[in-house]
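Here's a quick tour of the charged side-chain pairs in this one. Have a look at the model first, then read on.

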Amino acid sequence: GKREYERPGILRALLIETPTSFENSEEDIIWKLESDIDDCGGEVLGFTMEQLLKAGARDVHYIPVQMKKNRPAYELCVLCLKEDIPVMEQIIFSNTTTIGIRRCRMVRTVLEREIQTVNTSYGEAHVKVCTIPGCEESSAEKRCYPEYESVAELCRKTGKSYEEIYCSIVSAWKERTLE
């Protein structure tokens, strides 16, 4: 330009480089498939969720959204592995009225975990034991999460409440770890 200022004009630029090969890294990679659906019944969406989970989806959920022309709708979110994308998309397209699916590659942090069996006064139950790392190796914390099907099965068998069975499983696991 032709104007002259007291100070010189400065342009600051940053060069941002991204890794070229995410697929070969040690990170835990998951894919999110999304679709906004505004003209599909609840029964259809429930059935679709069931089919996606049966086919290996890591998680499936719906979020209520407002679409164009003020139509209430649902956003379908599916978490899956890369190799499962074609199957998941086929299930979504064949069971819903969507005409498009968005894909998003995601890196996630997952706690170390293992499935254990715990004996309670009500019967045997499966728990997921997760290790939460601390600053030092000795400060790692372990947490127990009873598996839903184990809790529900014991509830049906005993007639006890979900909360009572859940708490008894956690208590039995804690007693076992203190031994």
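## Salt bridges in the model

K128 is partly exposed, with a relative accessible area of 26% (buried means under 20%, exposed over 50%, partly exposed in between, with a 1.4 Å probe and protein chains only). Bear in mind that this is a predicted model, where local features need pLDDT of at least 70, side-chain atom pairs count only at pLDDT 80 or more, and totals for chains, interfaces and linings use all residues. Residues are numbered from 1 along each chain as its sequence is written, and side-chain values use heavy atoms, with hydrogens and water left out.

So what does K128 pair with? Its salt-bridge partner is E147, with the closest N and O atoms 3.8 Å apart; a salt bridge here is a side-chain nitrogen of Lys or Arg within 4 Å of a carboxyl oxygen of Asp or Glu. The two come from distant parts of the chain, 19 residues apart: K128 is in strand β6 (residues 123-132), E147 in the loop between β7 (141-146) and α3 (148-158). Helices (H or I, at least four residues) and strands (E, at least two) are DSSP runs, numbered from the N terminus.

The structure holds 9 salt bridges. Among them are these:

| Pair | N to O distance |
|---|---|
| R71 and D38 | 2.6 Å |
| R143 and E141 | 3.0 Å |

R71 sits in strand β3 (residues 71-80) and D38 in the loop between β1 (28-37) and α1 (42-54), 33 residues apart. R71 is partly exposed at 31%, and D38 is partly exposed at 23%. There's a network too: salt bridges link K32, E34, D36, E75 and R102.
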